[in-house]
Every structure is written in C-alpha cells, then in structure tokens.
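Please examine the sequence and structure shown here before reading on.

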Amino acid sequence: MAERLGFGPSSAAESMTVGNTPSQDLALTNFAYCAPTDLNKFATPGSSNVFAFVGDSVTGQIGLNAIQRRHIRVSAGDQISVSRFVPPDDFKLALLTLELDFVKGKTNRTEQLDALILGKQLQKKFIDQVMTTGQKVLFEFCGTNYIFTVSQALLEGQDDSKGLDRGLISTETYFVFEASQNSGIKIINQREATSSKIFRHKEFNLHKLGIGGLSAEFTEIFRRAFASRVFPPHVVNKLGIKHVKGMLLYGPPGTGKTLMARQIGKLLNGKEPKIVNGPEVLSKYVGETEKNVRDLFADAESDQRTRGDQSDLHVIIFDEIDAICKSRGSTRDGTGVHDSIVNQLLTKIDGVEALNNVLLIGMTNRKDLLDEALLRPGRLEVHVEINLPDENGRLQILQIHTSKMKENSFLAADVNLQELAARTKNYSGAELEGVVKSAVSFGLNRQISMDDLTKPLDEESIKVTMDDFLHALHEIVPAFGASTDDLERCRLNGIVDCGNKHKHIRERAMLLVEQVKVSQGSPLVTCLLEGPSGSGKTAMAATIGLESDFAYVKIISAETMIGLSEASKCAQIVKVFEDAYKSQLSIIILDDIERLLEYVAIGPRFSNLISQTLLVLLKRLPPKGKNMLVIGTTSEVGFLESLGICDAFSVTYHVPKLDQEDAKKVLQGLNVFAEHELDLAVEQLTDISIKKLYMLVEMAAQGAHGKSAEAIRSGKEKIDLNHFYDILQDISTDRY
C-alpha cells in the first residue's frame, strides 16, 4: 500500500538508516521508501509529494536504489538525516535536458529512441518529481532499462546565468534529449518534439526581460523569423519554405538593439548564443580574419553533419556588424580584407553548403554602409528598425528602471512616471536609463555631508523625488530631441504683439504645423519667411518650433558651421535631416539661408554644393509614417529666386518692418514709457525693424537720469523720453 508524503511546513530532521528499495520494479520509480509508521513525522494530510511509502518497509529505514545511494555517497546501513523539502514559489521546470545511456554502460548495441514518445512517457512517469542538475535517474522504456543524467534544469522565467538548478516536472515541462558519447543511442524526432516549444518560456513578458517600448518590433520579429519554427518540420516541408536564417536590427544608438538581440538569444532553445563585436573578428594576420568568421560557424557545421535536421539552433549575434560588412569596394585600405570578410560570411549563411541550423542576428546604427548582397532574402532578410520609443514605450522603460527602487521604498510618492514619459520626447532607452541614474545621484547626494564624508549614512531616509527627475532632465539631453536652448536664444526678448501683419503670418505658420500633424497626403511641408534684416523672421520661426510641441526641432545656422569645409557643411545638414526622419513629427529651421550658401554680393559668389544639397533635401519626402515641416528664413529673397530655391518652398510669407502702429503695440507690451509719452515716442519711429527697436529700448534703459535699468525692465520705472530722443539721434535713421 503506497502513501505520499506532502509538502508542508518544514519539519525537524530525522535520523534514518539507509536500506534497499523493497522490490526491483520500485527501483525504477525514483522514489524513496519508508514505513507507514514514519509517515506522520513528515506528512501533511491532503498534500501531494515526491516520496512514496510502502507498508512492508522497516520502521526507521529509508529505501534507496543503487543509483540514489551512489549519488549521495552512502551505503546500506549508513545513518542519514531526512527532513521534509518545502519547494519555493514558481518551482516548475520549463526545460529539462537529459543525457541518455544504457544502465550497463558500454555496449555494442544500437538503439533509436523517439523523442516524442519518450518525452511523453517520462513526463507521465516522473510528474511532480524534483529534478536537480547532475542527478542520475533509472527508468524503463520499451522493455529496456536506461539511465538519464540531468544536464540542465531551467525554471519557467529563469535566466540561464542565475537561479536554482532544480525544479518540479510539470505538464508544461518539455524535454531535450542528448545521447551519451559512444553509447549507441540515436535520438530521432528531437526537433519535432521541441519545435512547438522553441522558446524557453510559455509567454513573452517583455517587462521581466527588461525590454520596454518594443512590443510591436518584437511581434514583427516573431512573425518573420520564428513563426515557421514553431511548427513541426514536416509542416514546413509541405509548405515548401525555408526558415529565416538572419535578421538585421538597425536604428539610432541607445534604442535597445543589443538588448533585444541578447534576450532573443536567451529565449531560444538552442546552443548558448555566440555574441561577437564586429571589430573583434578583425586580425592583422593574413587569412586570420576569415578564419575567425569560419570558426563562428564551426559548431553549427559539426552539429548539422552529425545530427542533420535534428540539429539544435545555433544563434550568432553580430554587434556593430557594419564594422566588418561594409559594401565591397568601399574601403581603400589596399588589403581587400573587408571584401573577403563579406564573401566568407555570405558563403557561410547562404552558400553552396548552406547551414539550416543557424540564426544570425546583426545590429548596426548605419544600415546604409552594409553590403547589399548581405541584406537580400536568404541572408539577413528580416530588417527591423528599432526606433525611438513613443510615450507608452518610455513609460514602460521608466517603470523597468525604477521597479527595484519602488519595491524597496526608495521612490518618493510624488514621482509621476506618466508625466516624465510625456516630458521625455525623443529620449532613447539608454538616455532614459541615464535620467534615472542622474535622478538617483541627486537623491543620494542629499544624504552625503561634504564636510564629513565619514558620517554614517541613513539608508532608510534615501528618497528619489520628482524634483530629482526634473533636474536630471536638464543634465541628460536627448541626441535627437528639440534644440530648446538654441531656439530660446533666437528670441531672447520673448514674444510681444507686433501688430496684425506679424500675427497673421504666425497664425498661418501654425496652421502649417497642424497640417503636418494630421495630413496623410503631405508628409513634407516647407515654408519660407523672407523680409528685411532684423524683421523678426528667426524669432518667429523659433517660436513656431517651440509652440509646435514636436519631438524633434533643430535649427541649422551658419554660426554652428564656422570653420567647416564645404563638404563638411553639407554632411552636417544631411545628418540633421536624417536624424529628423527618425522622429514621427519634426521641424527643421534653415536660418539665414544666404549665409548657409556663403553668399557674397560681390561677384556674386556662393556654394553650389550646398545649394544643390538644400534643393534635394527640400524636395525629398520623409520615410513612410514620418512628417516634417521645414522653415527657412532669408533677407535675400531675390538671390534665392535666381537659384530656384524659393520654388522649392511650398509657401512664402513676407515679414515686414514695423510701421508706427505696430511699433506702438510693441512699446505697450514692453511697458517702458509712461502712457502720456508713448505717442510722442512713436512719432519718431517710422518703418523700423523689431530688432532695431529692441536695441533702442535696451540702450535707453541703461540707467539714464539716475534710473535703474533693472527697475525699467521690471516696470517700476519708465524710460525718460528725452534720453530716448538722444539715443535715437545718435543712430542714423535712414538705416532702420
């Protein structure tokens, strides 16, 4: 009569004498046996267990088979300590890799074992039993006794590199079988047995994997690269297709390409992924680089030769693949090493002796540098752009990086991750991690006394607050974000009412912004603001950029390119546009286009290379799903018309100087004159630029007649009208 010992609260250890199992057939169950009288020392009524108890066992004795005794290094008659084992939570095995052999060791016989049938029988026979790495277990299959050794025991949701090395066999556990060397055992249908379980986890929890904001990309990768591998080989053969052998992850730096590739490698049931950086393959010795490439595929080749279609999947991850796979003929080093690397790699992936058990994952920031032959179907055919995360993605990333501090009560209650996600437009995943690190540094710094660094620290009082995160946003600036500081510098005096003409132009420009947001038929909208120097064109363009609330707003001006060659200027302009294509909504401001073109009236002379570059970029549509507004400013509209650049803009607005009525509105907004003196001041101003008017006011506010400039700016004091006249007379009025 068999009884089962239940899992329950820990019990005190009992000393028992080691004996043999009661019968030969019970030795194949992997159970330990004891008498019913010992049951009450361990059992919890109503619970299941991994021990069985037989009625004719001797009291105080525990029956173990020979393999069990050998494993724990005891002999019959020895005294051992026995206690109840209480399993932790989440103790079910996802994967169990077993090495098979005959019980009698070396024989001349050959056996074929069907992995499908064997896996089902072992699962049924050993359900709810604990298996530990290194454990040896006897079992009977089709009338023959075998022994298996547990070489890998992986829990559900567990990483290979950490965690327990044991767990419970469940209905969800699947088995990978390996034949012991020279055993004569051949495993068949192994690949079919595990094909529906190519992944080590039942589901993809991207949050647990540390991947945020990439669910859509992960879904695309699964559909393109792994959906066919989920089905048995005979189904794929009937469809007449081949598995995808390679994929390319590309996009801006810091968006999670390497992280995703690393996690994909861990998720797959196959050999341990080989991760190699592109430059590591290179060698100074002739032929050594090509050999390094061949060595990466050596294990996969050997596995395929010996096991054929039953071979495991071999994952090779190439980081910075552009370092070694540049377009053939593009490098001029005279050695041809890069060309031969590409040739060697192409041969291994899809050559005459192509491998079917390899998945190559390449990552790059520069897809344009890669050889075209490498990107065709059959090679790195799946191209997935890992782009900047959207607001929901940024929220997921912030939650991942703050989860531990939240669990340990280091995150203050006022921290609003949703608000931070909204504020961090165009931040990459790496930059968001940098924001969290910076915020933590502010929180830790409050606990440190610079006067006494040996002062004991109070760990309990560490709190990372919302203010810490806001300060961190000023420290960590996104590489592809809005140039807020540059735009603010373009309108140092702020925005005041300049009259109906300026207001009308600004409203029209904002309508263009709305058009870019919602339009399906016009992904590229261009607008040219032309007018006299100092009329406020740059300030208006900067204001439109700031008020648009677009994620990417950049200004291209001549002052940022001082000292650069003509070709370098073109390259920098192109880079700004390429970066803008990475954002869904973007604005580029081309400030003082004539200065960008190096225009000189004497001659006239200008850069034709930059001119042609701008003409191409102003007409080139952004990628699908990306919308862009380009705003240009110029004081030489006639010159741009002669080059045909004006025709490249969708719409042109004339920004005029201020008449007396507009100048009065500006002075009212500045509030620097007494009400009864305002009209007298305006009488002297005719057709003046907004920039010149600001300069006059600033000069007149410099503390004349004992008045403080700060007091005037704050509105507490007013500009003396006579002093204003004196300043005005010093300036040639015909230069307004």
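The model is predicted: local features need pLDDT of at least 70, side-chain atom pairs count only at pLDDT 80 or more, and totals for chains, interfaces and linings use all residues. Residues are numbered from 1 along each chain as its sequence is written, and side-chain values use heavy atoms, with hydrogens and water left out.

**Helix 17 and its surroundings**

Helices (H or I, at least four residues) and strands (E, at least two) are DSSP runs, numbered from the N terminus. Helix 17 covers residues 537-548; its 12 residues reach 16 Å from the first C-alpha to the last, close to the 16 Å expected at 1.5 Å a residue. The expected span is 1.5 Å times one less than the number of residues.

Burial is judged by relative accessible area: buried means under 20%, exposed over 50%, and partly exposed in between (1.4 Å probe, protein chains only). Because 10 of its 12 residues are buried, helix 17 is largely enclosed by the rest of the structure. Among these buried residues are Lys537, Met540, Ile544 and Ser548.

| Element packed against helix 17 | Residues |
|---|---|
| Helix 15 | residues 484-489 |
| Helix 16 | residues 500-518 |
| Strand 19 | residues 524-530 |
| Strand 20 | residues 552-556 |
| Strand 21 | residues 585-590 |
| Strand 22 | residues 627-634 |

Asp549, which follows helix 17, has a positive phi near 65°.

Thr633 belongs to strand 22 and is buried, with a relative accessible area of 0%. Not counting residues up to four places away in sequence, Thr633 touches residues including Lys537, Thr538 and Ala541. Arg489, in helix 15, is by contrast exposed, at a relative accessible area of 53%. Arg489 and Ala542 are 53 residues apart in sequence, and their C-alpha atoms are 8.9 Å apart in space.

**Helices 24 and 26**

Helix 24 (residues 690-700) packs with helix 26 (residues 721-730) at an angle of about 125°, their axes being 9 Å apart. Helix 24 is therefore oblique to helix 26; angles under 35 degrees count as roughly parallel, over 145 as roughly antiparallel, 65 to 115 as roughly perpendicular and the rest as oblique. In this contact, Leu696, Met699 and Ala700 of helix 24 meet His723, Phe724, Ile727 and Leu728 of helix 26.

Methods. Axes are lines fitted to C-alpha atoms, for helices over the stretch in contact, and angles run from 0 to 180 degrees between N-to-C directions. Contact means heavy atoms within 4.5 Å.
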